[in-house]
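Work through the exercises below with the sequence and the model open. Try each task before reading its solution.

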Amino acid sequence: NSSAVFPSPPVSVADRDYFIALRERDTGMFFGRPVHGRILADDIFNVAQRRSDASGRFDGVIVVSALPSYFTSFWRKISRQDGAMTVLSRHDGAILARVPPANVETPPFGATSPFMRAIDMSDSGTYRATSLIDGQERIVAFEKISDSSLYVGHGRTVSGILQTWHHHMVVYAGFFAIGTFGLVLLAVVAERRAAREAAAVHHWRKAAQQLTEEATHRAAIEAQLHQAQKMEAFGQFAGGMAHDFNNILHVITGSLDMLKDRAAPGDKPLLALALDAANRGSKTIASMLAFARQQPLQSEVFDLNATVCDMESLLRPALGSGVKLDIVPAKTPCWVRADRNQTELAILNLALNARDAMPAGGTLLVTVSCVTLTGAPAGLMGDFGAVAVKDTGVGMSPEVQARLSEPFFTTKGPGKGTGLGLSMVYGFAEQSHGAVTVDSAVGQGTTMVLYLPFSQ
Ligand code: ADP
Ligand code: MG
């Protein structure tokens, strides 16, 4: 009997594979190989079940014919990809339905085909193979349909997958490019801004530095001005005093001179002593006037080397017994042009300062040399006689060194120092177109050098 046509035409299914198999024994649901239907006159595959009577004997089959097109049209709806392949197959490789279409003539999957090898190994998975049916290379995913001997597989062409992938990549690359461009733009803007800010900060720093430099410069100039005013006031004061004192000394020396002739022989030594003292006073006054620049220096040409060597007899008693004196003369005479008396006085001043710096004794080294200078120290150029006075005393801090030329600057106690010695030495050196240098450190001793120009 058949549900398709009634009454059923006289056809036999005795030769169909499901009939032969189910007649032998009950295999459960049997999926027959695709055939050309004898009643429906279309490609079909049959799903059959055995009928058994009460004693278990074969009593025919119940068959449902399925149209492969039912599956293929459904598959076409859910997968539109070009070249996609979907297949429903039996475990022995017989193809029941397929997209792209197959028909009853389509050979089953061979025993060595990738599909058969894949389902041999597992109930589900993927493989990659070139189809024997349409020659397309595909990646296929397959799975066994539960409680049956059927498998469903879905494959997509490698070229199709790559195409889709490329298409997506182009879209992603587009987004990526836009994003990157945005970031680069942002970076450029930020960089420009940072550069502008850095330039502003630099400008600001420079302005601040200039201001600081100006302020420092101004302070230095003010200090110099202050010092110059002080020197001028002191010069006027000293000049005035020296002038008056000089007049008084003239009266004293004149009077003593006249008294000398009339004095009793016993008083003569006393008078000579007084006259000598008054003359020394005159010399001191003369140096004060020189400092105040109110009396021209008695410039003359003399050998500095010989002059210093001659001072030994003067220096030795002045230094006291605790200080050893060494005088190292130059190898040749040093013919300098300066005031000879003032030169001696300056060297004496330097030596006395050295003595004061060595209360526990030490060595005073006086070295004479002829040197050629090229701009240093103090911008001096040309040939000079130099007297270096070097002690092994307490030395000086930079603060003290900075104030040496200042009149009345002293670190010595009241009654011990006047602070006028070095200011005289500096003033004299400058007026003589020479210079004084100091090289000292606390605890390291001091070397002071007096430079006087050679006579031309
Ligand atoms: P005074 O000797 O009366 O103090 P000076 O003008 O001669 O004045 O010296 C000024 C100061 O310089 C001294 O008080 C002393 O502090 C310092 N000084 C000068 N020469 C030396 C030296 N050779 N060693 C250490 N300090 C010195
Ligand atoms: Mg002194």
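The model is predicted: local features need pLDDT of at least 70, side-chain atom pairs count only at pLDDT 80 or more, and totals for chains, interfaces and linings use all residues. Residues are numbered from 1 along each chain as its sequence is written, chains are lettered from A and ligands numbered from 1 in the order in which they are written, and side-chain values use heavy atoms, with hydrogens and water left out.

**Exercise 1.** Describe the shell around ligand 1 by residue class and by helix.

Solution. 
Step 1. Of the 17 residues around the ligand, N353, D391, T410, T411 and K412 come nearest.
Step 2. Sort the shell: 6 residues are nonpolar, 9 polar and 2 charged. Here Ala, Val, Leu, Ile, Met, Phe, Trp, Tyr, Cys and Pro count as nonpolar, Asp, Glu, Lys and Arg as charged, and the others, Gly among them, as polar.
Step 3. Assign helices (DSSP runs of H or I, at least four residues, numbered from the N terminus). α8 (340–357) and α10 (421–431) each supply at least two shell residues, and α8 gives the most, with 3.

**Exercise 2.** Find polar atoms of D391, T411 and L422 that lie close to ligand 1, and give the distances.

Solution. 
Step 1. Use the cut-off for a polar contact, a pair of N or O atoms within 3.5 Å.
Step 2. From the side chains, a polar atom of D391 is 2.8 Å from a ligand nitrogen, and one of T411 is 2.5 Å from a ligand oxygen.
Step 3. From the backbone, a polar atom of L422 is 2.9 Å from an oxygen of ligand 1. The protein covers 93% of the 520 Å² of accessible area that ligand 1 has on its own (Shrake-Rupley method, 1.4 Å probe).

**Exercise 3.** Is α10 mostly covered or mostly open?

Solution. 
Step 1. Apply the term buried (under 20% relative accessible area, 1.4 Å probe, protein chains only).
Step 2. In α10, 8 of its 11 residues are buried, so the helix is mostly covered. Among them are L422, M424, V425 and F428.
Step 3. Just after α10, H433 has a positive phi of about 65°.

How values were computed. Near = heavy atom within 4 Å. Polar contact = N/O pair within 3.5 Å; in protein donor to acceptor, adjacent residues only side chain to side chain. Buried < 20%, exposed > 50% of the residue type's maximum accessible area, 1.4 Å probe, protein only.
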